[in-house]
Amino acid sequence: MEIRNRKYINYNLWQQEHIAQVMPISNLTEKISLKNCLGRKLAEDIYANSAHPTVALSAIYGKFLNIQDDITTVEQYKEIETIHFFRNLMNGENPFAIKQTNTFLSDIAPYMKIGDIANTVIPLEQHLPWFRAAYLSPEKGDVLADIKKGTGIVNIGADYQEKDLVLKKDDIITNAKKALLRQAGISEIKVYKKLRFAVLCVDYDLENLNKNFEMEYIQDCMQSWGFDFEVIKIKPFKNVPLDTKTTDDSIATSFETYLNNIQQVTQNYDYIVACGLADHRFFNQLGLFRSLNELRRLYSQGEYNQKIQSSGNHFRLFSGDLRNPVCREEVKFYNQQGRLIVQRTMKYEDKALMGYISGYILDIIVNMHLLVKPTILQRMYRKPFLPEWKVGVLSHDYSFDIDREYKYKILWAYVSRTAYDERYRIVTKEIPEIKIINVENERPDMLNFFKECNCFIPVLNEDHQLKAGDYFYYLEI
């Protein structure tokens with residue numbers, strides 16, 4: 001399948017890998033109960049506290065037996081007493097409370113815990129010739145295969161023994177992995193410390209300039225993605241010449257107060273999603289656009305002096321000051337044969353990260369999905385993440401104007417997996433269909449086309465002639 005905007009996806013992957021190289025990694029850990037471990041990343045290898053299975057299981061459907069020796073003769077078989085395991089269960093009695101002390105047998109389903117009451121399981125095909133030979137008439141072709149004590153059993157510790165490795169350091173705890181840990185008798189694990197999130201707005205307290213609208217969209221995204229966060233607003237500082245006096249302190253603050261507020265945020269939170277002033281030359285020395293010693297720029301795109309088209313291009317990633325001493329660890333990587341491949345020194349730095357989306361609502365929408373969520377996940381799980389790309393097929397021809405000075409363009413679209421046939425019955429498409437919305441005179445504060453739009457498609461400014469049947473990666477919004 002040829003996907004028309006694959007080059008952009010490769011570019012986005014390069015962005016994430018580049019960010020991974022400059023993003024500080026923290027090794028702070030905490031102990032948590034297994035009950036609260038979903039989605040967390042292990043900070044150490046986990047070893048089983050108990051073997052599994054803890055008792056022998058029936059491996060097959062058939063008859064379970066409690067015998068002292070192998071059964072090789074009909075006379076031995078006749079000494080076996082029949083009990084009714086499932087009948088007792090149906091009658092509401094404990095079928096494991098067996099009073100017989102001599103040999104016995106009963107029906108059994110596979111994977112049942114019988115290690116306390118039986119030691120052998122045979123299939124019905126093996127049992128029936130013995131039953132006919134003892135109590136009925138043998139049929140032609142019947143073979144009395146010896147009943148070997150201990151067959152048909154899943155032994156204790158068949159899956160893993162006590163002290164066996166069950167999960168490795170840096171594994172992410174999913175529902176299934178949590179079940180494995182519970183099965184292995186684990187009640188508490190060491191994980192990397194949970195991130196503290198904040199949504200920050202550096203904002204003038206003026207109705208005509210504030211970014212409350214954009215900030216609310218960020219909060220909605222963080223909430224829908226399952227992140228807990230605090231909301232913080234900070235006034236920009238006054239950039240007042242030395243020979244000038246001001247009297248209005250309501251919409252801005254002093255640089256010292258602003259700096260102190262930024263320091264508190266980067267000390268108290270691990271990832272800050274920030275928004276604020278629009279990204280153009282008019283604001284280039286205000287708020288988070290001004291270079292601060294407390295914020296180190298790790299990555300940026302869409303600087304005010306770069307040529308950027310359309311929305312979604314303005315993003316900066318900062319790190320705060322070091323909050324704990326730097327730690328170093330020698331890490332060794334081995335191949336499947338256990339041979340050392342590479343050894344490197346890992347540096348761990350406890351610093352806050354700030355993803356800053358400047359600009360208007362379309363900038364916020366695009367970059368929350370393209371860059372903010374992937375960098376949050378990268379900070380949480382210590383490896384690069386891509387946006388949640390999906391593939392759709394274009395339902396119509398479409399063309400757009402190319403400006404060679406710009407790297408890429410955002411196309412707004414509607415995507416659906418369902419449609420109506422000629423009898424107006426709902427049919428489901430194997431691949432969702434995409435309809436690109438023609439947005440005329442687009443501005444970064446426009447939302448009127450969202451009455452139709454539910455996704456966007458980033459494309460490189462190269463081939464502008466798009467055809468029905470072309471495949472594209474898209475992001476739902």
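1. A salt bridge, in this note, is a side-chain nitrogen of Lys or Arg within 4 Å of a carboxyl oxygen of Asp or Glu. With that in hand, look at R40 and E30: their closest N and O atoms are 2.5 Å apart, so the two residues form a salt bridge. Please keep in mind as you read that this is a predicted model.

2. Where do R40 and E30 lie? R40 is in the loop between β1 (29-33) and β2 (46-47), while E30 is in strand β1, so the pair ties together parts that are ten residues apart in sequence.

3. Now try a second pair, K190 and E44. Their side chains meet in a salt bridge with an N to O distance of 4.0 Å. This pair links distant parts of the chain, since K190 belongs to strand β10 (residues 188-192) and E44 to the loop between β1 and β2, 146 residues apart. K190 counts as partly exposed, at 26% relative accessibility, and E44 is partly exposed too, with a relative accessible area of 27%.

4. How far apart in sequence are the parts tied together by E329 and K169? These two form a salt bridge whose closest N and O atoms are 3.4 Å apart. E329 lies in strand β16 (residues 327-334) and K169 in the loop between β9 (165-167) and α5 (175-183), so the parts they tie together are 160 residues apart in sequence. E329 is partly exposed, with a relative accessible area of 30%, and K169 counts as partly exposed at 29%.

5. Stepping back, a search of the whole structure finds 19 salt bridges. Some charged residues join up in a network: R196, D270, R323 and D350 are linked by salt bridges in this way.

6. How many disulfides does the structure have? A search of the whole structure finds zero.

7. The largest nonpolar core has 50 residues, and M222, M368 and W412 touch the most other members. Helix α8 gives the most to this core, with twelve residues. Why does the core lie between two domains? Domain 1 (3-25 + 193-384) and domain 4 (389-474) both give residues to the core, so it lies between them.

8. Nonpolar side chains turn up on the outside as well. F131, Y135 and L136 make a nonpolar surface patch of about 310 Å². L136 has its place in the loop between α4 (124-135) and β8 (153-154). Is L136 buried or exposed? L136 is exposed, with a relative accessible area of 55%.

9. K163 is not a glycine, yet its phi is positive, near 80°. K163 has its place in the loop between β8 and β9 and is exposed, with a relative accessible area of 59%. R382 is not a glycine either, and its phi is positive at about 60°. R382 is found in the loop between α8 (361-381) and β19 (390-394), where it counts as partly exposed at 22% relative accessibility.

10. P53 has its place in the loop between β2 and β3 (57-58).

Technical notes:
Residues numbered from 1 in each chain as written. Predicted model: local features only at pLDDT ≥ 70, side-chain atom pairs only at ≥ 80, totals over all residues. Heavy atoms only, no water. Disulfide = S-S within 2.5 Å. Patch = residues over 30% accessible without salt bridge, like charges linked within 9 Å, V, L, I, M, F, W, Y side chains within 5 Å. Areas by Shrake-Rupley, 256 points an atom, 1.4 Å probe, with all protein chains shown as cover. Helix = DSSP H or I, 4+ residues; strand = E, 2+ residues; numbered from the N terminus. Buried < 20%, exposed > 50% of the residue type's maximum accessible area, 1.4 Å probe, protein only. Core = buried A, V, L, I, M, F, W, Y, C linked by side-chain atoms within 4.5 Å. Domains from an automatic or database assignment.
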